[in-house]
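Good morning, and thank you for coming. Please look at the structure as I go through its aromatic rings and its nonpolar cores.

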Amino acid sequence: MQEAEQEKLLSVVVSVYNEEPALPDFYREASQVLTDLDWEYELIFVNDGSQDGSLSILEQLSQRDSRVKVINFSRNFGHEAAMIAGLDYSQGDGVVCMDADLQHPPECLPKITECFEQGYQVINMVRTKNEDAGLIKNITSSAFYRLINAISDVHFEPNASDFFAVDKAAAQVLRTCCREKVRFLRGYVQIIGFRKTTLSYEARARAAGKSKYSLKKLLVFSVNTILCFSNMPLKLGIYAGMFSALMGLAVMVYTLLTRKGAPSGYATIVVLMCFMFAMLFVVIGIIGEYIAILFTELKDRPVYIVSDTRNMIQKKEN
């Protein structure tokens with residue numbers, strides 16, 4: 001029985017995009033922690049179209065260590081696609097997704113395996129502190145989770161990150177049932193069910209480089225997430241119509257009470273018309289965003305394209 005437990009395999013999926021300075025440090029720290037575990041392990045690095053020397057370093061690591069496996073994308077497909085590819089190729093009884101910049105501490109891995117051994121199937125990693133995040137980022141992050149929880153039927157753990165772990169059964173659900181082209185993987189991890197627990201961690205300062213998410217990318221990502229997990233924005237048309245009707249009724253009552261044929265003042269009419277047209281265009285824009293997501297899903301293009309791999313037993317379809 002003990003022998004069977006020792007043969008458990010932990011797959012650590014690491015998304016890599018222009019992380020050349022951080023990779024040696026990450027590999028060294030992660031290997032030291034993983035070697036001390038009772039589990040066997042594989043380090044799956046997904047090179048998401050890096051334009052620096054990241055791939056060269058990964059090739060060297062894979063040649064020295066057979067437990068290092070590399071998935072090389074044909075181009076940059078994004079962080080979410082990299083994590084999905086790692087899940088697709090993983091063979092472990094437990095799968096951990098994390099970043100290569102050491103903001104996700106490798107020293108959390110023993111706690112994660114302990115949770116797996118206790119029977120937990122989904123492990124959410126929640127940040128209690130982020131040394132690289134400024135005041136604005138912390139405020140916007142908090143506001144985002146408050147908003148998504150307010151308008152969605154699903155509850156999202158505040159400050160949950162792309163650092164998470166799932167067992168083999170939960171990983172299989174993510175592989176087969178959550179294949180949207182516009183996705184929020186950390187959200188799917190929280191809604192698939194199974195026996196779940198939460199671990200907290202303090203995000204370190206970034207080992208090297210800077211965040212790959214610009215303000216524009218974060219905004220697009222947030223909008224897509226809201227549209228994927230809530231249909232509340234579509235109902236804004238109803239609320240806007242009701243509000244416009246009340247405004248029209250108020251103007252009518254005002255006209256009757258003042259016994260004039262029209263509202264006094266050209267400016268009043270212009271302001272009302274501009275306001276109602278603005279609401280109309282906002283609603284049309286929201287509908288357009290939903291249609292754009294539907295169009296992306298209908299095209300059914302691959303989530304990622306693999307150029308080549310290192311130390312992989314078999315390729316899987318994406």
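**Aromatic rings and cores**

Phe73, Phe77 and Tyr304 are linked into a cluster by ring pairs; rings of Phe, Tyr and Trp (its six-membered ring) pair if their centres lie within 6.5 Å, and planes under 30 degrees apart count as stacked, over 60 as edge-to-face and the rest as tilted. This is a predicted model, in which local features need pLDDT of at least 70, side-chain atom pairs count only at pLDDT 80 or more, and totals for chains, interfaces and linings use all residues. Residues are numbered from 1 along each chain as its sequence is written, and side-chain values use heavy atoms, with hydrogens and water left out.

The structure holds 5 aromatic pairs. One of them, Phe73 with Phe77, is edge-to-face, at 5.6 Å centre to centre and 90° between the planes. Are these two residues, Phe73 and Phe77, buried or exposed? Both are buried, that is, under 20% relative accessible area, where exposed means over 50% and partly exposed lies in between (1.4 Å probe, protein chains only).

Phe163 and Tyr201 also form an edge-to-face pair, with 5.3 Å centre to centre and 75° between the planes. Phe163 lies in strand β6 (residues 160–167) and Tyr201 in strand β7 (residues 196–203), so the pair ties together parts 38 residues apart in sequence. Strands (E, at least two residues) and helices (H or I, at least four) are DSSP runs, numbered from the N terminus. Both Phe163 and Tyr201 are buried.

I turn now to the cores. A nonpolar core is a set of buried Ala, Val, Leu, Ile, Met, Phe, Trp, Tyr and Cys residues joined through side-chain atoms within 4.5 Å. Of the 37 residues in the largest one, Leu10, Val14, Leu34, Leu43, Phe45 and Ile112 touch the most other members. Helix α2 (residues 23–35) gives this core its largest share, 6 residues.
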